[in-house]
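Please load the model in a viewer and follow the selections below in order. The tour visits a helix pair and then a pocket.

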Amino acid sequence: MSEALIAASLWVLAATMVAFLPMRQQYRPGLVLLIAAPGVIAWIGVAHGAVMAVLGAAAFVSMFRNPLRYLWRRARGAAPELPSEPNRERPR
C-alpha cells in the first residue's frame, strides 16, 4: 500500500474518532481534518491518478457533507444555525 493511501486511511480513522466525540468537542479536530483533506486527496491524485482522487473527494464530501453545507451557506451570505446538542433523558 502506498504512503498516500496509508495517510488517507489514517485520516479516515481520525475522522471516525472525532465523530464519536460530543458535538461541542468536534469543532477543532474536525476543522483540522477539513483543512488537511485537500492535501491528502491531492497526494492520492499524484500517486494514483485522477480517478482515485475523484473517489477520495467523493468520500470526503460524503463524510463532511454537513460542515461543507454550513460553510457553503455562510459563503453565500446566509446565517445557518449550528446544530444543538440533543436532549437525552436518562431512563428512570
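Select α2 (27-48) and α3 (residues 50-63), helices being DSSP runs of H or I with at least four residues, numbered from the N terminus. Their axes come within 7 Å and cross at roughly 160 degrees; axes are lines fitted to C-alpha atoms over the stretch in contact, with angles from 0 to 180 degrees between N-to-C directions. The two helices are therefore roughly antiparallel to each other, a term for angles over 145 degrees.

Next, show the side chains at the contact (heavy atoms within 4.5 Å). On α2 these are Leu34, Ala37, Ile41, Ile44, Gly45 and His48, and on α3 Ala50, Met52, Ala53, Gly56, Ala57 and Phe60. The contact has nine nonpolar, three polar and no charged residues; Ala, Val, Leu, Ile, Met, Phe, Trp, Tyr, Cys and Pro count as nonpolar, Asp, Glu, Lys and Arg as charged, and the others, Gly among them, as polar.

The model is predicted: local features need pLDDT of at least 70 and side-chain atom pairs pLDDT 80 or more, whereas totals for chains, interfaces and linings use all residues. Numbering runs from 1 along each chain as its sequence is written, and side-chain values use heavy atoms, without hydrogens and water.

Now select Met23, Gln26, Tyr27, Asn66 and Pro67, the closest to the centre of the largest pocket among its 23 lining residues. A pocket is an open set of points on a 1 Å grid over the protein atoms alone where a 1.4 Å probe fits, with protein on both sides within 12 Å along at least five of seven lines; lining residues have an atom within 4 Å of a point. Finally, colour α4 (65-75), which gives the most to this lining, with seven residues.

Definitions and conventions
Parallel < 35°, antiparallel > 145°, perpendicular 65-115°, else oblique.
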